[in-house]
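Me: Please look closely at one contact between two side chains and at the part of the chain around it. Plain words will do, with each cut-off stated.

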Amino acid sequence: MTVARRRSYGVKGAPYGFLVPATILFALFFALPIGYAVWLSFRKVHVSGLGLGSGARSEVWAGVENYTDAFTDSELLDGALRVLGYGCIVVPVMLGLALLFALMLDSDKVRLAPFTRLAIFLPYAIPGVVAALLWGFLYLPDVSPFYFVLAKLGMPQPDLLDGGPLYLALSNIAVWGGTGFNMIVIYTSLQAIPAEVYEAAKLDGATPSQIALRIKIPMVAPSLVLTFFFSIIATLQVFNEPTTLKPLTNSVSTTWSPLMKVYRDAFGTGDIHQAAAEAVIIAFVTLVLSFGFLRAANRRNKQEAAR
């Protein structure tokens, strides 16, 4: 083989060499755990007799039994409904505030823009568990300064950790922590719009509100789709907030969300195989919803581009 041909092969194979570390990490920390979870979901523990002695407990093939139990489990289905209600509050409120703040910061009349951006983004930098603890104590009537002020003013003191208000309390934590990140994504897209577009609109007599509604929002639609996509995934995987607030109230059960049900089955009751099946179902539902939403968004973008 000539030297030139060896160099040609080396140049062509260089990209694959750079991909090797990422491929190894992907296989070890992503593909392999997923494959192991799927394998566990098709197995179960068989107990012989009283379950005492060596060989009394053995792992056997279960087929789709774990999946059948998961789909008929009322606790898992109730948790999914609770997360659905939670998401109906969190996603529109969080994205609406993120878009509003991004439009306000992109305005020519805004003052102290760097400080305002930092102040809005700062809650996102606080770990979710810490944020849930902080808000949890603010919700407790005995230690919350808000309840003290309401009592002094003679106003009613609602229990935010019980019943329907619990959804608002949990949603507030997610909105407070996630609005800043989504705002930065949308604001970055607004900054990428050419200034000539705004100048042309002003020459045509467009007001600031018309520019925001007819130019800015349509042009940052891809960023809105992206933030909506991330918000849906985060909503389906809600775990930190209800788990952290659980010691503070009896209204949050160990199966309040599907992921809490998985955690309870895996580490509470020790049924790792049932937990694996539930985790696979949650991952599959997340995958289907994500790809379905992205496909619908891409189809709409193609139809608008064809016009």
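Reply: The side chains of Glu75 and Arg264 form a salt bridge, with 2.9 Å from N to O. A salt bridge here is a side-chain nitrogen of Lys or Arg within 4 Å of a carboxyl oxygen of Asp or Glu. The pair joins distant parts of the chain: Glu75 belongs to helix H3 and Arg264 to helix H12 (residues 258–268), 189 residues apart. The whole structure has seven salt bridges.

This is a predicted model, in which local features need pLDDT of at least 70 and side-chain atom pairs pLDDT 80 or more, while totals for chains, interfaces and linings use all residues. Residues are numbered from 1 along each chain as written, and side-chain values use heavy atoms, without hydrogens or water.

Helices (H or I, at least four residues) and strands (E, at least two) are DSSP runs, numbered from the N terminus. The protein has 13 helices and two strands. H3 covers residues 74–105, which is 32 residues. From first C-alpha to last it reaches 46 Å, close to the 46 Å expected, that is, 1.5 Å times one less than the number of residues.

At the start of H3, a side-chain oxygen of Asp73 comes within 3.0 Å of the backbone nitrogen of Glu75.

Key. Polar contact = N/O pair within 3.5 Å; in protein donor to acceptor, adjacent residues only side chain to side chain.
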